[in-house]
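I opened this entry to look up domains, copies and contacts. My notes follow the order in which I checked things.

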Number of protein chains: 2
Amino acid sequence: MSDHAAKAALYDALAESAKALANGRRAELVDVLAQGERSVEELAEEIDQSFANTSQHLQRLLRSGLVEARREGTRIYYSLSSPVVGDLWRTMRQAAQEHVSGLEQLAADYLGDRSRLRTITRDDLRARLRDGDVVVLDVRPEAEYAAGHIRGAVSIPIADLKSRLGHIPDGADVVAYCRGPYCVYADEAVRMLQRKGVTAARLEDGFPEWAAARLPVARG
Amino acid sequence: MSDHAAKAALYDALAESAKALANGRRAELVDVLAQGERSVEELAEEIDQSFANTSQHLQRLLRSGLVEARREGTRIYYSLSSPVVGDLWRTMRQAAQEHVSGLEQLAADYLGDRSRLRTITRDDLRARLRDGDVVVLDVRPEAEYAAGHIRGAVSIPIADLKSRLGHIPDGADVVAYCRGPYCVYADEAVRMLQRKGVTAARLEDGFPEWAAARLPVARG
DNA sequence: GTCTTATTCAAGCGAACTATTGAATTTCAT
DNA sequence: ATGAAATTCAATAGTTCGCTTGAATAAGAC
């Protein structure tokens, strides 16, 4: 093998990890898997695709080594192979945010108007958690809360929020969070709370970013 | 537009930054551009491709927003749009290192046997620079040294090393570095020095990694 | 065993990607 | 203006990608 053929082959292999994420559906899959392991069925539901297509994308991720599979009875659970995969997804998302044109508009199309949605940064939330003057709501599905959440947060899945509004103490200052910057649950929660007269804001991003920043987390 | 169509469009856009890097030749281009701006001609030479093909890949990177172009007379110089692009490339490379199977073999095919090549980490080099008991050699082309180098390093492009071996003081302890972990210049330099009886090691990676770690750098 | 459920496999087809070729464009120098 | 150099454009062909459809497996329940 000539020298530049060997070099080309090496860089082709390095590009494999990018190829694995070079598809919107696979990006969605990784985004969901960053919350914890999932079965094919759950994943297909999350990304609005057929089983066969979802399975195919998962096979591709599996071949790239970025995800792992585990069989449990009749179900197969997929998960990210390591934290570096989450890093890759977040870095790639940030690069897109800074450089891909038209992204803001697409985000607005999906998320709606966020201009009236108060947001706070991780550092702000951390400081306020230390002061203890804030109620933090994890509005993801319960299983995701169990797999890991911001230390001190309470689990109220978005679907249950309406019926549990009474549990929010009067005059509370609420911060809601969910999966990440493009997750709609926290937006919904904040809007619902604001309509009820509760002071509420959303964390700028989600749990994976919190954990990646090595801020305090808890499980179970 | 229905909700899951909007979501799909958003994630498609987020995946654009990965698509831009999802090709070995474009990965090589970004790797070179991480050293500083280059003309199309220089880039085509570096990645062993035709002008037309190189230009095409650059257009694609341009469309993704990851690189910028600047005209100077008859030449057009490309450069990375921001540091986050370098972060993306390094993260993606690390993900490939950890998860893409067969990569080690491909690296060995290109780089040859590295088992006799002493390597030192960034932190080690930093400590030894503080103690002042080491000669650091930047063996990249001179223009790359000028665009930025490890503070305290001396520029001896690999092509000039042979004729300047006399300048290495007797009994010196040398560390050579170049573009990154898969750059061959430092390997060559260390081998050449070791044959001459000089104690030499290569930095595990290259200048962009040093700079990204916010270790001391200099210019000019 | 048979049935059911979860997942994968296999084939097909339109779309996008990649390298090649040769012509066209832009800028500078004469 | 004319010519030369650097780069891009346009057309092409082979390859891979991505979604659909329907059949095939694998594991557990009956």
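Where does UniProt place the feature "domain: Rhodanese" in chain A? I found it at residues 130–219, in an unreviewed entry. UniProt positions follow the numbering used here, feature names are shortened, and annotations may be inferred rather than shown by experiment.

Ground rules first. This is a predicted model, where local features need pLDDT of at least 70, side-chain atom pairs count only at pLDDT 80 or more, and totals for chains, interfaces and linings use all residues. Residues are numbered from 1 along each chain as its sequence is written, chains are lettered from A and ligands numbered from 1 in the order written, and side-chain values use heavy atoms, with hydrogens and water left out.

**Annotated stretches**

I looked up the secondary structure of residues 130–219 of chain A: 32% helix and 22% strand, with the end C-alpha atoms 19 Å apart. Helices (H or I, at least four residues) and strands (E, at least two) are DSSP runs, numbered from the N terminus. UniProt also places "domain: HTH arsR-type" (unreviewed entry) at residues 6–100 of chain A. That stretch is 66% helix and 15% strand, and its end C-alpha atoms lie 32 Å apart.

**Domains of chain A**

Five residues from domain 1 of chain A and five residues from domain 2 of chain A make the contact (heavy atoms within 4.5 Å).

The two domains of chain A bury about 490 Å² between them, 38% of it on carbon and sulfur atoms. Buried area is the accessible area (1.4 Å probe) that two parts lose on being put together, summed over both. On the domain 1 side, A:Gln35, A:Arg38 and A:Glu46 lose the most area, together 73% of what that side buries.

I counted two salt bridges between these domains (a side-chain nitrogen of Lys or Arg within 4 Å of a carboxyl oxygen of Asp or Glu). A:Arg179 forms a salt bridge with A:Glu46, with the closest N and O atoms 2.9 Å apart.

**Two copies**

How does chain B superpose on chain A? A rotation of 180° with 0.0 Å of shift along its axis does it, at RMSD 0.0 Å. In chain B, the C-alpha of B:Ala18 is nearest the axis, 2.6 Å from it. The same surface serves both copies, as 100% of the contact residues of chain B recur in chain A.

**Chain interface**

I found 52 residues from chain B and 52 residues from chain A in the contact. About 4,400 Å² is buried between the chains, and carbon and sulfur atoms give 71% of that area.

The rule finds four salt bridges across this interface. A:Arg25 and B:Asp12 meet in a salt bridge (2.4 Å, N to O). On the chain B side, α1 (3–14), α2 (16–21), α3 (24–33), α6 (83–99) and α7 (103–111) each supply at least two residues. α6(B) gives the most, with 13 residues.

B:Lys7 forms a salt bridge with A:Glu28, the closest N and O atoms being 3.5 Å apart. B:Lys7 lies in α1 of chain B and A:Glu28 in α3 (residues 24–33) of chain A, so the pair joins two chains.

Definitions and conventions: Least-squares fit on C-alpha atoms with pLDDT ≥ 70 in both.
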